[in-house]
Amino acid sequence: LDPAFLESINSLLCSGEVPGLLTPEELDTLISPLKEQLETDEFDGTLGQYFIRRIMRNLHIVFILDSSNPNFRPQCEANPALYTKCQFIWLESWAPNTMARLPRMVIPEIEKERSKFHLIHNSVADSTPRQYLASLDVYNKVLDTKKRGIKKKQEHLIAGVSKLNEAKTLVDDLKAKAAVKSKVLAEKQKEADEALNEITARIGQASENKQEMEVLKGKLGEETVKLEQRKKAIDI
């Protein structure tokens, strides 16, 4: 545990208060409702003292220290209230059933593998329950990290698939529009071909008419020459 935390606990156990924990305004808010109770209990002291007395009588603190930790003894010596005001309950080990069930309590996702943690813990010499909990906590954090990584990859994959589906929908829509435009283009092309054929036919017909006109013009010229010759013969 953090040394500052143990110092606060030591102060709370010795005097019933932690210096600087509450402002005067906050303290007044807590102790004001106790005036009637102070009179009922016929307490011979101030309201603040009565509040501290109730704390020391009713507040119970439970915390766990690892006796195998090299800081265990110095921390206890630096905070004597841990000896004088507390009751120690020494637990060298936990029941096998508890050790076997603990992984499932710490890591809900674990089912089949929960007994293996117990076996691993038992295979390590002088291992403590605290170390067992620490190993479960590390496993849980690693598992959570892996799960978040997999979830993130799934989200990226889902987003990618969504983009591909959007692209496919867009392509299908463009293909449908292209098919409609292709059909319209084919109809326009057919109309253009028919118009071109008609123009070609008319040009051909005009060419034929021009040739006939040239033939008629030639014949007319010959007839004109003949008429001129007859006219000259008549004049003589």
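A disulfide is a pair of cysteine sulfur atoms within 2.5 Å. In this predicted model, a search of the whole structure finds zero disulfides.

**Cysteines**

**Packing of α1 and α4**

Two packed helices are described by the angle between their axes and the distance between the axes. Helix α1, residues 3-15, packs against helix α4, residues 47-58, at an angle of about 110°, and the two axes are 8 Å apart. The helices are therefore roughly perpendicular to each other. On the α1 side, the contact is made by L12, L13, C14 and S15; on the α4 side, I52, I55 and M56 take part. Of the residues in this contact, six are nonpolar, one is polar and none is charged.

**N10 and N79**

N10 also lies in helix α1, while N79 is found in the loop between α5 (72-78) and α6 (81-84). Apart from neighbours within four places in sequence, N79 is in contact with L6, E7 and N10. With the corresponding neighbours left aside, N10 is in contact with N79, P80, A81 and L82. N79 is buried, with a relative accessible area of 4%, and N10 counts as buried at 13%.

The accessibility values of the individual residues discussed above are collected here.

| Residue | Relative accessible area | Class |
|---|---|---|
| N79 | 4% | buried |
| N10 | 13% | buried |

Which residues of helix α7 (residues 96-106) are buried? They are M99, L102 and P103. These residues cover an arc of only 95° around the axis, so they lie on the same side of α7. The face turned away from this buried side carries the exposed residues N97, R101 and M105.

Definitions and conventions. Residues numbered from 1 in each chain as written. Predicted model: local features only at pLDDT ≥ 70, side-chain atom pairs only at ≥ 80, totals over all residues. Heavy atoms only, no water. Axes fitted to C-alpha atoms, helices over the stretch in contact; angles between N-to-C directions. Helix = DSSP H or I, 4+ residues; strand = E, 2+ residues; numbered from the N terminus. Parallel < 35°, antiparallel > 145°, perpendicular 65-115°, else oblique. Contact = heavy atoms within 4.5 Å. Nonpolar A, V, L, I, M, F, W, Y, C, P; charged D, E, K, R; others polar. Buried < 20%, exposed > 50% of the residue type's maximum accessible area, 1.4 Å probe, protein only. Arc of directions from axis to C-beta.
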